[in-house]
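Please look through the sequence and the model before reading on, and keep both at hand while you follow the report.

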Amino acid sequence: MEYKFSEIEEKWKRFWAEKEIYKVTENSSKPKYYVLDMFPYPSGAGLHVGHPLGYVASDIYARYKRLKGFNVLHPMGFDAFGLPAEQYAIETGTHPAVTTEKAIKRYREQLDKIGFSFDWSRAVKTSDPSYYKWTQWIFLKLFGSWYNRELNKAEPLASLIQKFETSGCMEWSQHDKNDHPEFTAQEWMSFSHEQKEGILMYYRLAFLSYAEVNWCAALGTVLANDEIKDGKSERGGYPVERKRMRQWFLRITEYSDRLLEGLEKLDWSESMKDMQRNWIGRSEGALIDFRVLTPSPSPKERGTYVVPNFMNGRADVSAQNIIHAKSNRQNPTKAEAVLWEELRGNKLGFKFRRQHLIDKYIVDFVCLEKGLVVEADGSIHALTKEEDAIRTSVLVEKGFHVIRFTNDEILNSTKGVLEQIKTKLESLGDRNTALISGDEDDTSGIINPEALSSAEGLGEEHLKVFTTRPDTIFGATFLVIAPEHDLVTWLTTPEQKTEIDNYITYVKSRTDVERQQEKRVTGAFTGSYAINPFSGEQIPVWIAEYVLAGYGTGAIMAVPADDERDKKFAEKSGLPIVEIIDKSMHPGATIEDKVGKMINSDFLNGLEVKDAIKKILDKIEELGIGERKVNYRQRDASYSRQRYWGEPFPIRYEIVGKADAAFADEGESNDIPIPLDVASLPLVLPEVSSYKPTGDGKAPLANNADWLKNGYETDIMPGYAGSSWYFLRYMDPHNPEVFAAKDKIDYWQNVDLYLGGSEHAVGHLLYARLWHKFLFDLGYVGTDEPFKKLVNQGMIQGVSKFVYRSANRPDVFVSQTRLEGKDVTTDELAALGIQSFDELGALSEIHADVSFVEDGVLDIEAFKKWRTDYTKAKFLLSADGKYHCGSAVEKMSKSKYNVVNPDDVIGKYGADCFRMFEMFLGPLEQSKPWDDKGISGVYNFLRKFWRLFYSDGGEWKVTNDEPTAAEYKILHKTLKKVSEDIERLAFNTCVSSFMICVNELGSLNCHKKKVLEPLVIALAPLAPFITEELWAALGNSSSVHLASFPTIEEQYLVENSFDYPVSINGKVRAQVAFALDLAQEEIKQQVLALEQIQKWTNGAEPKKFIFVKGKIINVVV
RNA sequence: GCCGAAGUGGCGGAACUGGUAGACGCGCACGACUCAAAAUCGUGUAUCGAAAGGUGUGUGGGUUCGAUUCCCACCUUCGGUACCA
């Protein structure tokens, strides 16, 4: 009987589904094992042969574990929210749910054909309200939690509020002055609801903040940095601009250390861990204060000035960078902060903005409606009365009224000040807007140092630098700050102004790519000097683009003797270099290596670098000029998307004043987010009149009037929301009460083996770890890491095929062997209707669909039918009369016409063959091109296996005879090798061993049940269909997949002799069999007596005789 | 640049802990069966050489009785990351 895979596979596929044999429950005494594949996004294009590679591997593993007596959870589902369906909706009007449903159906059909053992009853879909109800629920938990750094875990906000109520935030190490001013418990109790909410927002793990983002108007969305290529959107190539927006964020930075430490315990590849480590980018160092000498004439004397508007249109500074840069700015004065808390959010019944640009001045606070400017004056203003007068007169001219208060007034009699402001507001009519000059909202270009709170005090400035090498401070001969640094204007002296302006113009003109590729360092001198706190020397302050505004403090101390870039910069700019480390004891050490002895460094002299770092850090802290500081590259994760097809936020706003524009400036939107009641979840994604964004920055949800009326958040959650916790839902997928019941979570715990592509290294895998750790902190899960073992399968690449088309004669295609145009006969030329080969001009490579090509030869007829413009194509063939194609290994993609659909392969060879061939292709983790040349080998194997059971005539050949020792040996050798290979996921060699086994049994003409039946079980994980058929034919009534893996009986594997290779000086010269229990002396004598060995030793005693039992004999002469 | 992975026949790859390099499969060649073809089965297949023997795992060194495996330097390819102080 022939092996008819299509009948067999159809039959058992139905059987498995009907009997639900892959359904798994928690009521089991067996040990659990959780095998998971990364969540697929069901794209409309369906699966290609690359996609199932990991699924096949995990399926084999899951099936094997089941046979080995584990209760295996092996689920599958769909990450169903996403941009492609939404993009399609925008183009065609089809609801994304419809598109997604269709794609899922197609995926499911394709997956079913391959014979996976998924428990489909547990399938989840992120776009299902019963699923995203819990995504929203977790979000609310994040929103309602803060990170307690003392206990190093997240806690519900209640504990924080209690803390504030009992002791305020005085002397609290977790309090950051940049966020909000210090307050006592009494003050906290007196704060308004809005004030309290404002402060709590600095602690919530899901929080609102203002950030500049990469706004792509055409796509109507904010893009991640990696979605931007050359300043344009990756998808579509639309322009990208920078906009400030109110966004949700997850405070992942609180978890940086734990995410880093957690890696140590995980069974992940080093490269994967490294990617996460690099992403988090922890570096230990110090913040050091450098006092800056006030330039002469001082900025106060110079008044205001304009710097180029370099912050616009720059795509490289991410939203997070900006937040960070902001925190690097000098603090607002306490008085300003206090007053702002009272003015913001329409508290006085009028809307105030702060740090607002009017004409060329930035005012502290302004109510535009009434035209009232409120200025908070530091002591500095006492000295600059005249200038303030000019400033006031300009403002009055523009239709503004100005009232001023001193810091003392504001702090000591806040109520009185507010009364005055209120009275003033009420006395004023609406402002005469005709007086206002154009773009008053553009605050980007002009900075008035008067308006910067940093100018408070007596005009002394400090530059904070971050360094990982504080030991080198005696070699710090200049400072470099980012061109975007706030103090650039303040520091620039009139003499240097032109140079600085020119440099900033230059920086602004450079694209990201140019800036990245540039190895040359460039910069400009500000004209100002700072004081090295240790050497006491005056050192110049430069700006240079190699210092980034978004990292550290945006300022560095340059140590040209010990830093490659600083050195280049110093050499180029003629700055002094002071050697501070003697590396003569470390030949070969590079300039950056942390080794050597300190020199020219005062009290550090003679110390090793490591010790010097410790000593200087102690000193810095003792002198109060800086502190130890750990810096991270990682930023808080942006969590808002201005799109439609995603999870709505379970948030509505208590609208304070008018509805805000999307591109709100800091402090403009005072709406207070209110979490929805858990009982009202899910907040279902509404229908909208258009899937397009509104154009003014509002997400498509703003197209639904009811939604707006209810004050719901119009942004949606990002793609990673649903996939950050789906592995938990599989444990209890239909529970309407909780995201997963505690007893089920306790049973399944976490994922034992996780398979997926390495492209998720820092996205999904980091966020999922964050969520899991958060849920762990709150006690919802019992493990603090979600994925114990992670394996990345390699990609299957496509093999593209090319035809070569003439530029001058687009109907003519030249075979790959004849591109040179040599030996082309006149007949051939005539057939093409040309005189000479050169008339064809350039020959361009064009992708031909791989389905038309077999063994490199093009099926010309199929190719002609492919496209209408090819119907009349003419071909210049090779000498063998065939058209040969060129080929190249590329990414498998539709656009390259190199996609191979698994359905086609299965139709031709069957699913078992497809599965085994995918595995046979090579190591799982390695990328490899798809080439079905070898598939016949696997197909032959399956048929050979089949023929052990059935003759060609269809007779059953299996006998009940007792196998011989040799036959048992083949069986148990194979069982051993196969289980070892599956355990270490070496499926390619596993397939090989089955082939060897079948070849050996074939040559022994073995058809014995006692050998074949165990083999059927062992092969079942790899080839589930054929084994099920044969298992039934062997007389079993239950499924082979519910059987037990056969016991390996070592007794058949015991060897009593070994065929030793005997080498002379490492070269094999003879093969001799010896009993394994023979003594070395005995063997030595026999070996030396051998004729082949005598030939080399000439009878002399060898220099050395090496004997490794069961391995090798080596004679050294 | 930095971090990581990898370089082995005509091709995919094997050799897991330093112990017979090239398992297994493809392809190719020859043979058997057949009127013939397909299918199947068998034999051979790193390379130079008639043979003896020599040479061979990206290149050059080293350690070792013995190295694809360990060490040093370099080259190439792929992936990640990018002026991170």
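Predicted model: local features only at pLDDT ≥ 70, side-chain atom pairs only at ≥ 80, totals over all residues.

Residues are numbered from 1 along each chain as its sequence is written, chains are lettered from A and ligands numbered from 1 in the order in which they are written, and side-chain values use heavy atoms, with hydrogens and water left out.

**The sheet and its surroundings**

Helices (H or I, at least four residues) and strands (E, at least two) are DSSP runs, numbered from the N terminus, and two strands are said to pair if DSSP finds at least two bridges between them. An open sheet is formed by 4 strands in the order 39-38-41-40, with mixed pairing. Strand 39 (1067–1075) and strand 40 stand at the edges with a single partner strand each, so one side of each has no neighbour in the sheet. From one strand to the next, the twist averages 20 degrees. Strand 38 (residues 1057–1064) pairs with strand 41 (residues 1112–1116) in the parallel sense, over 3 bridges, and Ser1063 stands opposite Asn1114 in strand 41. Packed on the sheet is helix 37 (residues 1080–1089), which touches strand 38, strand 39, strand 40 and strand 41, and whose direction makes about 120 degrees with that of strand 40. Here contact means heavy atoms within 4.5 Å, and axes are lines fitted to C-alpha atoms, for helices over the stretch in contact, with angles running from 0 to 180 degrees between N-to-C directions.

**A covered helix**

A residue is called buried under 20% relative accessible area, exposed over 50%, and partly exposed in between (1.4 Å probe, protein chains only). In helix 36 (residues 1024–1033), 8 of its 10 residues are buried, and the helix is therefore described as mostly covered. Among these buried residues are Phe1025, Ile1026, Leu1030 and Trp1031. The buried residues of helix 36 pack against several other helices, including helix 2 (52–67), helix 4 (96–114) and helix 35 (1009–1019). After helix 36 comes Gly1035, whose phi is positive, near 100 degrees.

**Salt bridges**

Side chains of opposite charge can pair when their charged atoms come close. A salt bridge is counted when a side-chain nitrogen of Lys or Arg is within 4 Å of a carboxyl oxygen of Asp or Glu, and by this rule the count comes to 47 salt bridges. The table lists some of them.

| Pair | N to O distance |
|---|---|
| Lys744 and Glu26 | 3.8 Å |
| Glu284 and Arg282 | 2.6 Å |
| Asp563 and Arg565 | 3.6 Å |

Lys744 is partly exposed, at 24% relative accessible area, whereas Glu26 is buried, at 16%. In the second pair, Glu284 counts as exposed at 52% relative accessibility, and Arg282 is partly exposed at 33%.
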